[in-house]
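Biologist: I have the structure open next to the sequence. Can you walk me through how the helices pack, and then the overall layout?

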Amino acid sequence: MTNKWNYQTPTREQLLRRDELSEKFGLSPAICLLIVQRGVANDKDVQKFLSPNIKNLYDPFLYPDMQKAVDRLNKALGNKERIMIYGDYDVDGTTAVSLVYKFLEQNSWKSNLDYYIPDRYDEGYGISNRGIEYAKETGVSLIICLDCGIKAIEKIAYAKSLGIDFIVCDHHMPDDKLPDAVAILDAKRLDSTYPYRHLSGCGVGFKLMQAFASSNGIEVSRLKSLLDLVAVSIASDIVPVTGENRILAAYGLKQLNLNPSKGLKGIIDVCGLTGKEITMSDIVFKIGPRINASGRMMNGKEAVELLLAKDVATAKIKSENIDQYNDDRRELDKKTTDEANALIDENPSVTEGKIIVVFNPEWHKGVIGIVASRLTEKYYKPAIVLTQSNGFITGSARSITKFDIYKAIESCKDLIENFGGHTYAAGMTLKHD
Ligand SMILES: [Mn+2]
């Protein structure tokens, strides 16, 4: 391991502020220094940081297009239109779909709902033609997509030509041009004035439900039971636990510990966490990977079925299934990491550049992202792991602090068929040549 520790020596002002806070709030100096170093400046913000309060959630209507989204949703529910909830196959996407589906099912009279999770391998990330065609065949006229869709300009135009409207709830970076959807909820839009940029995809779905509740006179307290799902998405998608996420995570963890949904309780049991206090780390290392394993090894739809389970027996069977997928995934992960390391050992020059790129057409697409993370940790360099899939080369990239891998990939987009992601994690598809 070649870890690089950067220790920041506190300034004199920071030390003074540390002592001041320690006195005022009765906390250990070490914790106070961490708070100061995180830039939590005035006493009011420190108070908010220490005691997250649901009353401090932002007004969801600060999101651009929120009113349009709620109007369209209310209209669809009023007309008994068939609505499809569409989401990505990872933890963030499947929790988002479950949250929106569950809340609409509970709070709309005889709703006409369906959900759809694309297959990771046949359809890939984001909105798929197959999903749109399935929507058309089943009479859907409104799709709410979560954790994806911000770049799906062609797919959303295609849906529109078939008479299907879109509400996009996403937290990924948009391109210059936005899709032609009824509403686009994404705080990373250039014209967004929403005060917080780091919600998870599930968190954006929560904001839509918060706005839906307020426009229909549904009490805010009814939203609280959804927060276990939001906490799971925040921890698993590794979004910063600051600002609004801190409130959602704090209440969500409480929900997860005291009164989790049947599906999450099933997962808690197979993780061996029954009766223990569940922390964010438990989500990152135990609960999240099991939900993810469903999309990696089988289909993300099964994760949603589990998260929506209404009885203990269904939750138990489905939790045991995903636990098995997780074991299979772990084995594959270890084998692939070993092979990637062996490849690098045989070709040491691979690690001499600024970035590590490895390829093996045999690798399973479901684990290349994890393997890229391991290489990044081991060599402290950005890493791209590539494999072959559906006649293309497909890859997963991970990066280190201060190197924007998304921008790096974007800078050679003329060579790439498709790409997407964030600053530190991205995916891409390219032609073999
Ligand atoms: Mn996400």
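Modeller: A definition to begin with: a helix axis here is a line fitted to C-alpha atoms over the stretch in contact, and angles run from 0 to 180 degrees between N-to-C directions. Also, this is a predicted model.

Biologist: Fine. At what angle do the axes of α5 and α9 cross?

Modeller: Roughly 165 degrees, and the axes come within 9 Å. Helix α5 covers residues 91-107 and helix α9 covers 227-236.

Biologist: How are α5 and α9 oriented to each other, then?

Modeller: Angles over 145 degrees count as roughly antiparallel, so α5 and α9 are roughly antiparallel to each other. Their crossing is left-handed. On the α5 side the contact is made by V91, D92, T95, A96, S98 and L99. The α9 side contributes L229, V230, V232, S233 and S236.

Biologist: And what about α14 and α15, how do their axes cross?

Modeller: At roughly 50 degrees, with the axes coming within 10 Å. That makes α14 oblique to α15. The crossing of this pair, α14 and α15, is right-handed.

Biologist: Which residues of α14 and α15 meet?

Modeller: From α14, D333, T336, T337 and A340; from α15, I370, V371, R374 and L375. For orientation, α14 is residues 312-346 and α15 is residues 368-379.

Biologist: Changing topic. Where does H198 sit?

Modeller: In the loop between β5 (183-185) and α8 (201-215).

Biologist: Does H198 count as buried, exposed or partly exposed, and why?

Modeller: H198 counts as partly exposed, because it has 17 C-beta neighbours inside 10 Å; buried would take 20 or more.

Biologist: Now zoom out. How is the chain divided into domains?

Modeller: Domain 1 is 12-51, domain 2 is 60-259 and domain 3 is 348-430. The centres of domain 1 and domain 2 are separated by 36 Å, taken over C-alpha atoms. The chain has 16 helices and ten strands.

Biologist: What radius of gyration does the chain have?

Modeller: It has 22 Å, which agrees with the value near 22 Å that a compact globule of 433 residues would have. The C-alpha trace spans about 65 × 60 × 45 Å along its principal axes.

Biologist: What share of the residues is buried?

Modeller: 44% of the 433 residues count as buried. Among contacts with a separation of 6 or more, 61% are between residues 24 or more positions apart.

Conventions: Residues numbered from 1 in each chain as written. Predicted model: local features only at pLDDT ≥ 70, side-chain atom pairs only at ≥ 80, totals over all residues. Domains from an automatic or database assignment. Helix = DSSP H or I, 4+ residues; strand = E, 2+ residues; numbered from the N terminus. Rg over C-alpha atoms; globule rule 2.2 N^0.38 Å. Buried ≥ 20, exposed ≤ 12 C-beta atoms within 10 Å, placed from the backbone. Contact = placed C-beta atoms within 7 Å. Parallel < 35°, antiparallel > 145°, perpendicular 65-115°, else oblique. Left-handed = near helix turned anticlockwise from the far one by under 90°.
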